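This report walks through one protein model.

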Amino acid sequence: MAVESSNLASAAGRKREPVCWDLLAYRNEAYERDLESVRTVVESTGFFSPVETSVAVELVGERLSKGAHSGYEFIFAELMPADGLEGPPKMLGYSCYGEIPCTAGSYSLYWIVVHQQWRGLGLGPKLMERTEKLIAQAHGRALYAETSGRAQYAPTRRFYLKTGFTLEAVFKDFYSLGDDKLVFKKLIRSS
């Protein structure tokens with residue numbers, strides 16, 4: 001597990017975080033506790049329906065039951081308890097990605113979500129950077145992300161563009177009438 005010092009503890013105080021946390025840690029291994037933590041993070045955004053939230057949790061369950069054979073890889077970002085304090089880490093966000101079956105090095109970004117309380121502090125780009133690094137190490141060549149065309153998802157589309165993706169395709173009325181599917185692509189530089 002990689003650990004880095006962060007100014008998130010001071011941001012937590014500014015946001016009235018009830019527990020003092022001082023370290024941001026990243027890990028790739030999924031644990032049972034992640035089922036509920038992922039649900040909490042996804043629900044906090046207000047973006048996703050109950051069905052979509054269930055899908056996010058199901059992917060963690062798939063990883064827990066099938067391991068690498070599930071096709072789902074994760075990066076979890078957590079605040080670790082400060083020295084002398086007890087308690088579990090608090091999940092701030094995560095990404096879920098995997099190689100697209102029947103392709104040679106194309107990956108799908110299934111989820112990248114930061115808890116609403118921690119958005120705007122740069123955690124999303126850090127998760128994206130770590131995701132891309134791991135894909136590059138696995139000899140991936142491209143990362144695809146899709147999202148809705150609804151106004152609610154404008155911040156998501158800006159995030160993809162800001163992190164180097166290009167809009168590759170628009171499927172009109174894909175999710176429902178008036179709700180297009182937008183597919184973004186980012187080339188991955190090999191490490």
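Which residues in H2 meet which residues in H3? From H2 come Asp-34, Leu-35, Val-38, Arg-39, Val-42 and Glu-43. From H3 come Thr-53, Ala-56, Val-57, Val-60, Gly-61 and Leu-64. By class, the contact of H2 with H3 has 7 nonpolar, 2 polar and 3 charged residues. The model behind this is predicted.

**The helix pair**

H2 covers residues 33–45, and H3 covers residues 50–66. The two helices pack at an angle of about 155°. Their axes are 9 Å apart. Because angles over 145 degrees count as roughly antiparallel, H2 is roughly antiparallel to H3. The crossing of H2 past H3 is right-handed. An α-helix has 3.6 residues a turn, so residues three or four places apart point the same way.

**Overall build**

How many helices and strands are there in the protein? There are 5 helices and 8 strands. From the N terminus on, the order is β-α-β-α-α-β-β-β-α-β-α-β-β. The protein has 191 residues, and 43% of them are buried.

**Helix H5 and its neighbours**

H5 spans residues 154–162. Its buried residues are Ala-154, Thr-156, Arg-157, Phe-159 and Tyr-160. What do the buried residues of H5 pack against? Two strands named here are S5 (106–114) and S6 (142–148). Strand S8 (179–187) and helix H4 (123–137) are also on the list.

Phe-159 gives a residue-level view of H5. Its relative accessible area is 18%, so Phe-159 is buried. Not counting residues up to four places away in sequence, Phe-159 touches Ile-112, Gly-124, Pro-125 and Met-128. Phe-159 and Gly-124 are 35 residues apart in sequence. Their C-alpha atoms are 8.4 Å apart in space.

Gly-164 follows H5. The phi of Gly-164 is positive, near 100°.

**Back to H3: Glu-62**

Glu-62 also lies in helix H3. Leaving aside neighbours within four places in sequence, Glu-62 is in contact with Gly-67, Ser-70 and Tyr-72. Glu-62 and Tyr-72 are 10 residues apart along the chain. Their C-alpha atoms are separated by 7.7 Å.

Most residues other than glycine have a negative phi, and most peptide bonds are trans. Cys-102 is not a glycine, yet its phi is positive, at about 70°. Asp-173 is not a glycine either, and its phi is positive, at about 55°.

Where is Cys-102 placed? Cys-102 sits in the loop between strand S4 (90–99) and S5. Asp-173 lies in strand S7, which covers residues 166–176. Cys-102 is exposed, because its relative accessibility is 87%. Asp-173 is partly exposed, with a relative accessible area of 39%.

Ala-138 lies in the loop between H4 and S6. With 41% relative accessibility, Ala-138 counts as partly exposed. Ala-138 and Glu-99 are 39 residues apart along the chain. Their C-alpha atoms are separated by 9.4 Å.

**Accessibility side by side**

| Residue | Relative accessible area | Class |
|---|---|---|
| Phe-159 | 18% | buried |
| Asp-173 | 39% | partly exposed |
| Ala-138 | 41% | partly exposed |
| Cys-102 | 87% | exposed |

How values were computed. Residues are numbered from 1 along each chain as its sequence is written. This is a predicted model: local features need pLDDT of at least 70, side-chain atom pairs count only at pLDDT 80 or more; totals for chains, interfaces and linings use all residues. Side-chain values use heavy atoms; hydrogens and water are left out. Axes are lines fitted to C-alpha atoms, for helices over the stretch in contact, and angles run from 0 to 180 degrees between N-to-C directions. Helices (H or I, at least four residues) and strands (E, at least two) are DSSP runs, numbered from the N terminus. Angles under 35 degrees count as roughly parallel, over 145 as roughly antiparallel, 65 to 115 as roughly perpendicular and the rest as oblique. A crossing is left-handed if the near helix is turned anticlockwise from the far one by less than a right angle, and right-handed if clockwise. Contact means heavy atoms within 4.5 Å. Ala, Val, Leu, Ile, Met, Phe, Trp, Tyr, Cys and Pro count as nonpolar, Asp, Glu, Lys and Arg as charged, and the others, Gly among them, as polar. Buried means under 20% relative accessible area, exposed over 50%, partly exposed in between (1.4 Å probe, protein chains only).
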